[in-house]
Amino acid sequence: MRSQLILSVVLLLHLITFSQSNDVEFKLWQLMGFNGSISLNGQYNSAVAGNDINTSNYVYGGGVALSTSSYIWHPNFLTLSVSGNYNPQKGEFISSQIPDYFTSLSTKHYNINAQFFKTLSYKLNAYASHLEQKGEDRFFDRDLTTNKWGLDFNYESSYDINVNFEHLNNIELNNLSTNKLLWRQTGLFANINKSYFKNDMNELNINVQRNISEQKGRYKNTNDLAYLNFRNNLYLNKKGTIPLNSSLFYSKAAGTFDFTNMGFNENLSIPLAKKLGLRTSFGLNNVKRASILTKDTKFNSSLNYGLYNSLNAGLFYNYFNSDREKNYLINSKSLSSFISYQKKIPVINGEIYMQYEYSKRDFSNKIQNNVLSVYNENHLLDDNSIVLLENSNIIIKTTVVKDITGTIIYQENIDYILVQAGNFIQIQRLIGGNIANNTEVYIDYDFIQNNSYTFNEESGNFELGLNFFNKLISLNYQNGYRTFDIIEGDFNNIGLDSYRTISYGAVFQNKLLNAGVSYIDKNSNVYPFKLYRYSLNTGGMITRKINYQVNAIINDYALFFIKGRTNKIITVSSNFRYRVNYRTQLNINLSYSMQKGSIQNFNLISGRSELITRLNQLELSLALNYYNRTIPGIDFSSQYIGTTLNLTRRF
């Protein structure tokens, strides 16, 4: 009874505080505002593929959206924000001709946000959201459902505390193959900041989460993760010029992938004299995975010096030692330096820039087991980039590709493919799979090293830049190399990339035009190429009503991996906007892509024009879409043309 009385008094004091901070009437529930919209839309498409595939399809539907804000008892006690939209659609949109073009036809979405105690030092914020996306495309027919809810707690006082608890549930259903992917994550995230002295800051980060992914009939993965990180920043002198940064970390994962990781890092910066500074760092890291313990030790130190703001120099030393039980012992030591010079030249109203870098490294790997394992090698899969796995002689059947949480396992020949490139392996995502373009993935694999090896590595790089007339014209030149002196081991089995790269180019730039041309010649034993690159960017206003933007780039490979193989890629895109009046404008987007070479050939033309107008609260959008792709030598082409209409009334 006594505890209930105390709780009632505390609640009363809170309400009195709210009433003093804001002169708003107390009510059980009060609507403060709302807005929304009602819309209608339609789309018609006609598609042709090859010589005998002709299709036409249409989509029509509507939508309603509503957003409200209200409070319970008082705005400083509890504020509610509720929003949602529903967009039912009928018909079918065929997107097979456009790679990765997925249109969600029917959507249902709502968000609820509740904010407590606005004026107090501690605040609570609860939220929940639900999203449904249903498609009827005959080639990429997927239904997505995402549910998320959580709670945020913030406290600002002598301790700054932020705590977030969140649960996420995602279901992806492929209606064509009946594959169902489930992914759930429940996590507690906390951040605590505290300063005990005048010149220090302490931070503790805590992350506890469970990730579960499951694909019926294929796999089910569960990972429990606990992560702790303590960071301390302090100054060793009263002037605050000698910072010492410390970090202690511990993480443990259990489930499909088990590992334990713990260690620390120390960083110290010391100003030795004017414009002369010393930076050093030391770290230890122990990782245990698959009953194998890996101990890493690293030490880095740098000495930097600047003279007259034009001449800068640096000297760097790096040491790394990695001991993996039953596998290998790596030892690496390197010494590198650089010197750069930058000076304005009043005669040409420009400047000159020069830099030279030199590095020498001693590396040894005492292999105890010729089959070595790699875990969580990180790569960004981009359709415009060549992605090679870092090691040679990979055992392809041991390759596992997963998302960055380690729970979703992607499937070879469904989500990605592996291509042999000499002694290396190239990975490419597959269009229409579960890996979106520009997605980071983790890759595990085993590879073979036949024996221990030791080598000395030497590299250097020289850069020269010169610009005239306030960077109206810029010239650049670069010459770099990397060589290896093999003391022990077989060069071909180690997978080292020795090269000589020479490049030079010019750029013209003013307010309306940016044009460049460059040449790159890389003589490499892994992936040699010779490339001519041309670029053009221009944009601006023709009149007060007309804006334009044009971008073009040509990559012309005179040599692409193999002698005699060529590859040429041309991409041109443009955007035009004509403002008829303050209510009406016309947007036109055109693009052209062409690839011609020994590997793949295609021509792609796409365009979109859209007329947007507004009459009071009524908005009208009418668009025309066009797509045409041809593949020379195969006698196969695909194209479609379609129209889209959207009508929206806002209130």
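In this predicted model, N285 stands opposite D296 in strand 15. Local features here need pLDDT of at least 70 and side-chain atom pairs count only at pLDDT 80 or more, while totals for chains, interfaces and linings use all residues. Residues are numbered from 1 along each chain as its sequence is written, and side-chain values use heavy atoms, with hydrogens and water left out.

Strand 15 (residues 292-307) runs antiparallel to strand 14, and 14 bridges join them. A quick word on terms: strands are DSSP runs (E, at least two residues), numbered from the N terminus, and two strands pair if DSSP finds at least two bridges between them. Strands of a sheet pair through backbone hydrogen bonds, either parallel or antiparallel.

Strand 14 and strand 15 make a hairpin with two residues between them, and A290 in the turn has a positive phi of about 50°. Now look to the other partner of strand 14. Strand 13 (residues 259-273) pairs with strand 14 (residues 276-289) in the antiparallel sense, over 14 bridges. Along that pairing, N261 stands opposite V287 in strand 14. The hairpin of strand 13 and strand 14 has two residues between the strands, and K275 takes a positive phi near 65° there.

**Positive phi in two other loops**

Which residue has a positive phi of about 65° although it is not a glycine? That is K326, found in the loop between strand 16 (311-324) and strand 17 (328-345). K326 counts as exposed because its relative accessibility is 61%. The cut-offs are these: buried means under 20% relative accessible area, exposed over 50%, and partly exposed in between (1.4 Å probe, protein chains only).

F469 is another residue other than glycine with a positive phi, near 55°. Its place is in the loop between strand 24 (453-468) and strand 25 (473-488). With 47% relative accessibility, F469 counts as partly exposed.

Next up is an open sheet of three strands, in the order 19-23-20, with antiparallel pairing. Strand 19 (371-381) and strand 20 (394-402) stand at the edges with a single partner strand each, so one side of each has no neighbour in the sheet. On average, neighbouring strands of this sheet are turned by 25° against each other, direction ignored; the axes behind such angles are lines fitted to C-alpha atoms (for helices over the stretch in contact), and angles run from 0 to 180 degrees between N-to-C directions.

Strand 19 is joined to strand 23 (residues 439-448) by nine bridges, and the two run antiparallel.

How many aromatic pairs does the structure hold? There are 19. Rings of Phe, Tyr and Trp (its six-membered ring) pair if their centres lie within 6.5 Å; planes under 30 degrees apart count as stacked, over 60 as edge-to-face and the rest as tilted. Here are two of the pairs.

| Pair | Centre to centre | Angle between planes | Kind |
|---|---|---|---|
| F363 and Y453 | 6.1 Å | 20° | stacked |
| F455 and F484 | 5.4 Å | 85° | edge-to-face |

F363 lies in strand 18 (residues 350-367) and Y453 in strand 24, so their pair ties together parts that are 90 residues apart in sequence. F363 is buried at 12% relative accessibility, and Y453 is buried too, at 8%.

As for the other pair, F455 lies in strand 24 and F484 in strand 25, so it ties together parts that are 29 residues apart in sequence. F455 counts as buried at 2% relative accessibility, and F484 counts as buried at 17%. Elsewhere, F77, F116, F117 and Y122 form one aromatic cluster.

**A nonpolar patch on the surface**

Finally, a nonpolar patch on the surface has about 870 Å² of accessible area together, and its residues include L40, Y578, V580 and L611. Accessible areas come from the Shrake-Rupley method with a 1.4 Å probe, and for residues only the protein chains shown count as cover. Patches are made of residues with over 30% relative accessible area and no salt bridge: like charges are joined within 9 Å, nonpolar side chains (Val, Leu, Ile, Met, Phe, Trp, Tyr) within 5 Å. A salt bridge is a side-chain nitrogen of Lys or Arg within 4 Å of a carboxyl oxygen of Asp or Glu.

Strand 32 (602-615), strand 33 (618-631) and strand 34 (636-650) each supply at least two residues of the patch. Strand 33 gives the largest share, three residues. L611 lies in strand 32 and is partly exposed, with a relative accessible area of 38%.

Terms used: Helix = DSSP H or I, 4+ residues; strand = E, 2+ residues; numbered from the N terminus.
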